[in-house]
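Please look over the structure shown below before reading on. The paragraphs that follow lead through it step by step.

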Amino acid sequence: LLIYQVAVSWLRRLWPVFDRLHVLGVEWQQLRGYFLFSIGFVATLAAALGLVAGWWLASWLLTSAIPGQTFELELDRWVIFKAVGSSVAVCLLGGGWAFHRSQQETRRSVLPMMITLALLIAAIWCIFQPQTWSAMISGSYLMRIGVREALWHPGELSIAITGLALAIATAIGVALMVDSFRVDFNQMLDHRLKYDLVAQGDETTLGRLSDSNNPITLADRIQVYRQANLRVNGLSMELNITRMDGFESSRYGYDGSLGNHEILLSEQAARALQLSAGDLLTVSGETMTVAGQFSAFGDLQPRLIADEGSALAASFATELQIDSISFNSDQPETLMKELQTRFPNLELRQQADIRRIALDTFNQTFAITTVLISIALLVATISVYIAVTTMRLNRQTGRQLLNTLGVNRLEQLIMNIALGTGLGLVAIIIALPLGIAFGWILCNVINPRAFGWTIDLQLSTASLLASCTWGMLAAIAAGILQSGGREEGAFGER
């Protein structure tokens, strides 16, 4: 859309020259070839610049998302071919479409007739009710001219408004998804982080720690987690075995203890196996009842959880390995020091540290989406800038008349702010329902298919306001930026 908008602006400047050349005998095919060659050459230069900027952006994003690591990015031939090929193809498509539309005559539509009829009815009402409608008009005359320019020329601004609306809608959709994800992620952390201290390390040291002959007097509760890899219906999964009493089951959103013939499935496992609560699942010859499913954001593979006293745990007794041990204690820091002294090879983390690391990882992961949305809004701003500039060039006579009447730069700035505000309002009205639909698709369609988990969509007021505010500022900036040149009056430069 941006390339089409640029091509339309370019053609409007070249079209009088093309008309004269065509009258002198130059065929339209040759003129089209010249125009497409020019825009293709520009596309090649843009692709080269984009490769350099893209390499720098990718390096910066990776460094921001995963700090402390060094990345070496290489521009191989396939990447260069895709960049140049896609750039030239998109530019030729947009330029060809613009040239084709420029050659066509304006088609008559029923819409202008309907708008004219509506305006006629409104005008008749205004004639018979002058006191009523005059009281409804407020604001300066120049501001109303700016708003009129934004709303009365849909043919010239529709592409730009569509691009801005899509950028705002994308920002709204991603922001709603991220905020909804953050709410669900915090709820999962509240459920899972019920232990004060977690110990991880090599299996031998963890085995000595879990040995009942080495009592930990400062711990009120000790929970040992064992795991093994297995295949269920041909799918690779992870089996977790632990004591699934009421306290432990509550960490996974299940009320009550887990029976010897019951099993919990992560959302990814339930989706992969197409099972729900109450269904039967056969694992290594043992028939288990699915008691429920739980959210497991960030799991590398689907998980199954069973009680340590179940027949399934007995059948995997030789394959199970201790993965971690959790502790509850009234004195977690004292307990941590004691364990560090007795078992120096263990990696010990407190609940607050685990939460902080998890939230930092979450924020770093989605920081990339913020950068990409900002780039989309910047591109949309450029599109609006081009469209507004083109519209003003086509209406230069009217602007010269305003300058002759004494409209100064401050008043022009007010008109441009009104113009940008009108464009932003139209784009926001379109983007709000579209952005909420994008958010629902991301939460209920994209995430389940891509990662195996669903997210409950939360309509966050902060996300809606932030996205709409940035979109409005982008539209106002596009309206202001086009006013940088010197203006001439109807009788020369002022």
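**A guided reading of the model**

Asp307 is found in strand S7, residues 303-307; helices (H or I, at least four residues) and strands (E, at least two) are DSSP runs, numbered from the N terminus. This is a predicted model, in which local features need pLDDT of at least 70 and side-chain atom pairs count only at pLDDT 80 or more, while totals for chains, interfaces and linings use all residues. Residues are numbered from 1 along each chain as its sequence is written, and side-chain values use heavy atoms, with hydrogens and water left out.

Asp307 is buried yet has no salt bridge. Buried means under 20% relative accessible area, exposed over 50%, and partly exposed in between (1.4 Å probe, protein chains only). A salt bridge is a side-chain nitrogen of Lys or Arg within 4 Å of a carboxyl oxygen of Asp or Glu. For Asp307, the nearest side chain of opposite charge, Arg243, is 7.1 Å away. The side chain of Asp307 does reach the backbone nitrogen of Met244, at 2.7 Å. Not counting residues up to four places away in sequence, Asp307 touches residues including Ile241, Leu258, Asn260 and Ala313, where contact means heavy atoms within 4.5 Å.

Another joins Glu338 to Arg342, with 3.3 Å between the closest N and O atoms; the two residues lie four apart in helix H12 (residues 332-342), about one turn of the helix. Glu338 is partly exposed, with a relative accessible area of 22%, and Arg342 is partly exposed at 33%. In helix H13, Asp353 and Arg356 lie three residues apart, and their side chains meet in a salt bridge (3.8 Å, N to O). Arg243 is linked with Arg221 and Asp245 in a network of salt bridges.

The nonpolar residues come next. A nonpolar core is a set of buried Ala, Val, Leu, Ile, Met, Phe, Trp, Tyr and Cys residues joined through side-chain atoms within 4.5 Å. The largest such core has 41 residues, and those with the most contacts inside it are Leu164, Ile168, Phe181 and Phe185. Two or more residues are given to this core by each of helices H7 (154-192), H13 (351-394), H15 (409-451) and H16 (461-481). The largest share, 17 residues, comes from H7. Leaving aside its neighbours within four places in sequence, Phe185 is in contact with Phe297, Ala358, Leu359 and Phe362. A second, separate core of 22 residues includes Ala228, Leu230, Leu275 and Phe316.

Two residues deserve attention for their backbone angles. Most residues other than glycine have a negative phi. Gln274, although not a glycine, has a positive phi of about 55°. Gln274 lies in the loop between helix H10 (267-273) and strand S5 (280-283), and counts as exposed because its relative accessibility is 72%. Ser284 also has a positive phi, of about 50°, and is not a glycine; its place is in the loop between S5 and strand S6 (286-294).

Finally, consider the protein chain as a whole. The chain contains 16 helices and 11 strands, and buried residues make up 38% of its 494 residues.

Conventions: Lys, Arg positive; Asp, Glu negative; His and termini not counted. Polar contact = N/O pair within 3.5 Å; in protein donor to acceptor, adjacent residues only side chain to side chain.
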